[in-house]
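Have the sequence and the 3D view open as you read.

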Amino acid sequence: MKFYILRVLPIIFIFPCLFSCSQKRQKNEESKPVISRRDSVLADADKKRTAWVQQLHAMTVKQLTDQLSKESVKGLEPFNSMAYKELTSRQSVTIDTITSAVTKNANHTSLLSLLAIRKLNPPVYQKLDAQLKASVYVDALRSAKTFNTFGLPHGKWEEAAQAIIEAGPVTARALEALLTDTRPAPMWGSEDYMEYKLYNYRVKDYAYALIIASQKGPLHLSKDTAERDILIDALAKRKR
């Protein structure tokens, strides 16, 4: 009997091994088309990206400014805009072309162009009308569908929010109009979205946080919207 068991046991162990190896082989064979399609998609995306970079490099300042306007309407962030990267990386730029476009359209469509002026030529940016800058920044907040452009109030402010904070009292006063805006202010991206959900931010939270930051005051943001509303309402009453 023992001899029989010893002869059977190896056979019992061989069957799972054969089944497992067969499954792995089948999985590898099935994954080849998937890998091929993935590589093809990535290669195609890389070609399109390279072609777009070359196209942007050949654009005039006017053409790049027009592109920035389109991307501002779409809500594209400065750090994701290849046109913004191209324009702000140039050594010599006709800044008047950009400032004319911003002056003509002092609203959210000029956000990326205004930020480009700030980066390319700080002295020219500082001389721009304070009300013009306020109109662009506040309308950008009011029109935004996602808020990655501005960052997280309790975390890191992005370039656009830093510009708003530095813009001065005229922009801070213009933000007061948004202190009653209860529209959700969501983020995209797994980590940023999770942070947004922890706080359930609204446009009014951004307006409040940016006003406080511009005044260099202490910023305490509770995860409880009711607690934040007490502070926001108190600020709104003081400003009336």
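Which residues does Phe150 touch, not counting residues up to four places away in sequence? Phe150 touches Ala140, Leu141, Ala144, Lys156, Trp157, Glu158, Ala160, Ala161, Ile164 and Tyr206, where a contact means heavy atoms within 4.5 Å. Before going further, a word on what you are looking at: this is a predicted model, in which local features need pLDDT of at least 70 and side-chain atom pairs count only at pLDDT 80 or more, while totals for chains, interfaces and linings use all residues. Residues are numbered from 1 along each chain as its sequence is written, and side-chain values use heavy atoms, with hydrogens and water left out.

Along with Tyr137, Leu141, Phe147 and Tyr206, Phe150 touches the most other members of the largest nonpolar core, which has 57 residues. A nonpolar core here is a set of buried Ala, Val, Leu, Ile, Met, Phe, Trp, Tyr and Cys residues joined through side-chain atoms within 4.5 Å. Buried means under 20% relative accessible area, exposed means over 50%, and partly exposed is in between (1.4 Å probe, protein chains only). Helix α11 gives the most to this core, with 8 residues. In soluble globular proteins, nonpolar side chains tend to be buried together.

Now turn to helix α7, which covers residues 130-143. Helices are DSSP runs of H or I with at least four residues, strands are runs of E with at least two, and both are numbered from the N terminus. At the start of α7, a side-chain oxygen of Asp129 comes to within 3.2 Å of the backbone nitrogen of Gln131.

Which residues of α7 are buried? They are Leu132, Lys133, Ala134, Val136, Tyr137, Val138, Asp139, Ala140 and Leu141. The cover over these buried residues includes α4 (95-104), α5 (111-120), α6 (122-127), α8 (159-166), α9 (169-175) and α11 (203-214). Asp139 has a relative accessible area of 16%, so Asp139 counts as buried. Leaving aside residues up to four places away in sequence, Asp139 touches Asn107 and His108.

A search of the whole structure finds 8 salt bridges, each being a side-chain nitrogen of Lys or Arg within 4 Å of a carboxyl oxygen of Asp or Glu. Arg202, Lys204, Asp205, Arg228 and Asp229 are linked in a network of such bridges. Asp205 is buried because its relative accessibility is 1%. Arg202 also pairs with Asp229, where the closest N and O atoms are 3.0 Å apart. Asp229 lies in helix α12 (residues 225-239) and Arg202 in the loop between α10 (190-199) and α11, so this pair ties together parts that are 27 residues apart in sequence. Asp205 and Arg228 meet in a salt bridge too, at 2.9 Å from N to O. Because Asp205 lies in helix α11 and Arg228 in helix α12, their pair ties together parts that are 23 residues apart in sequence.

Most residues other than glycine have a negative phi. Asn200, in the loop between α10 and α11, has a positive phi near 50°, and its relative accessibility of 34% makes Asn200 partly exposed. Lys216, in the loop between α11 and α12, has a positive phi of about 60°. With a relative accessible area of 74%, Lys216 is exposed.

Finally, step back to the whole chain. The protein chain has 12 helices and 0 strands. Of its 240 residues, 37% count as buried. Among contacts between residues at least 6 apart in sequence, 67% join residues at least 24 apart.

Technical notes
A polar contact is a pair of N or O atoms within 3.5 Å; within protein, one must be able to donate a hydrogen and the other to accept it, and residues adjacent in sequence count only if both atoms are side-chain atoms.
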